[in-house]
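Me: I've got a new model open and want a quick tour. Can we go through it piece by piece?

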Amino acid sequence: LTTLSLPKLATIDAMNIEDNTGFTALSLSSVTQVGATTIHDSPEITSVALPALTTTTGAIILEDNTALSSFDISSLSTLGGALTISNNDALTSLDLGGWVTVGDYDLTLSYNSALATVDLSNLVSLGGTIDIAGAQPASLDFPLTEHLGGIDIGYWEVVTLDFPKLKTLGALSDGSYYNNGTLTTFNAPELTTVTTSLTLKS
């Protein structure tokens, strides 16, 4: 498969794209809803564009796509499953600016070595855990976030974590911040409740 043209497609129950060595770009400009989706091990794919996507009804997995530099899900606001993005070495940015109040689903970012920016600037509440591992941005800001189900961060060269409005946190779970010797600032001046555990270890 080298070309996929579905300009009027609006809803996908499930999508699986993997092991396509000649497939370089996926653009589904009219899709507003997808179910369980996996885009895996497609070494020549450079961009995935779902600019109209607002809703997922299953987990989204984007992994082991070594040339992928662009992933557009900037309108996504309603999750029906976890979002996992891992081992995409050319991916430089991730726009999750549509996230405001998200259910009990995890966000996992792991070993995306070029990832420089992650936009969570509108996030107020996430019931799941943010799990970050490997080389990621040197700072990550949550300017509006008031509730997080958990944070689990390891082997990440992070310098600053800023949560100016965070009030409740489920956990910094066992293993969080292990081997994060570069962390200098963890700012959460409004935090009043950690419901499970707080673990900090360099």
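Me: What share of the residues in the protein chain is buried?
Reply: Buried residues make up 41% of the 202 residues. Buried means under 20% relative accessible area, exposed over 50%, and partly exposed in between, with a 1.4 Å probe and protein chains only. Bear in mind that this is a predicted model: local features need pLDDT of at least 70, side-chain atom pairs count only at pLDDT 80 or more, and totals for chains, interfaces and linings use all residues. Residues are numbered from 1 along each chain as its sequence is written, and side-chain values use heavy atoms, with hydrogens and water left out.

Me: How many helices and strands does the protein chain have?
Reply: Zero helices and 19 strands. Both are DSSP runs numbered from the N terminus: helices are H or I with at least four residues, strands are E with at least two.

Me: What share of the contacts with a separation of 6 or more is between residues 24 or more positions apart?
Reply: 29% in the protein chain. Contact means heavy atoms within 4.5 Å.

Me: Switching to holes. How many cavities of 30 Å³ or more does a search of the whole structure find?
Reply: One. A cavity here is a set of points, on a 1 Å grid over the protein atoms alone, where a 1.4 Å probe fits but cannot get out; lining residues have an atom within 4 Å of a point. Points are joined across faces, edges and corners, and the volume is the space filled by probe spheres set on them.

Me: Which residues line the largest cavity?
Reply: The lining includes Met15, Val34, Thr37, Ile39, Phe71 and Leu83. Strand β3, residues 33-40, gives the most, with three residues.

Me: How does the lining of the largest cavity divide into nonpolar, polar and charged?
Reply: 10 nonpolar, two polar and no charged. Ala, Val, Leu, Ile, Met, Phe, Trp, Tyr, Cys and Pro count as nonpolar, Asp, Glu, Lys and Arg as charged, and the others, Gly among them, as polar.

Me: New topic. How many aromatic pairs does the structure hold?
Reply: One. Phe142 and Phe163 are stacked, 4.5 Å centre to centre with 15° between the planes. Rings of Phe, Tyr and Trp (its six-membered ring) pair if their centres lie within 6.5 Å; planes under 30 degrees apart count as stacked, over 60 as edge-to-face and the rest as tilted.

Me: Where do Phe142 and Phe163 sit in the chain?
Reply: Phe142 is in the loop between β14 (139-141) and β15 (147-154). Phe163 is in the loop between β16 (160-162) and β17 (168-169). They are 21 residues apart, so the pair links distant parts of the chain. Phe142 counts as buried because its relative accessibility is 2%. Phe163 is buried too, at 1%.

Me: Is Asn88 buried or exposed?
Reply: Buried, with a relative accessible area of 0%. Asn88 is in the loop between β8 (83-86) and β9 (93-95).
Reply: Leu62, Glu63, Asp64, Ser110 and Asn112. Ser86 lies in strand β8. Ser86 is buried, with a relative accessible area of 5%.

Me: What is phi for Asn87?
Reply: Near 55°, a positive value in a residue other than glycine. Most residues other than glycine have a negative phi. Asn87 is in the loop between β8 and β9. At 30% relative accessibility, Asn87 counts as partly exposed.

Me: And what is phi for Asp19?
Reply: About 60°, also positive in a residue that is not a glycine. Asp19 lies in the loop between β1 and β2 (25-27). Asp19 is partly exposed, at 48%.

Me: Where is Thr2?
Reply: In the segment before β1 (11-18). Thr2 is exposed, with a relative accessible area of 53%. Leaving aside neighbours within four places in sequence, Thr2 is in contact with Gly22, Phe23 and Thr24.

Me: Last one. Which strand holds Val194?
Reply: Strand β19, residues 193-194. Val194 and Gly149 are 45 residues apart in sequence and 9.6 Å apart in space, C-alpha to C-alpha.

Terms used. On a 1 Å grid over the protein atoms alone, a cavity is a set of points where a 1.4 Å probe fits but cannot get out, and a pocket is an open set with protein on both sides within 12 Å along at least five of seven lines; lining residues have an atom within 4 Å of a point.
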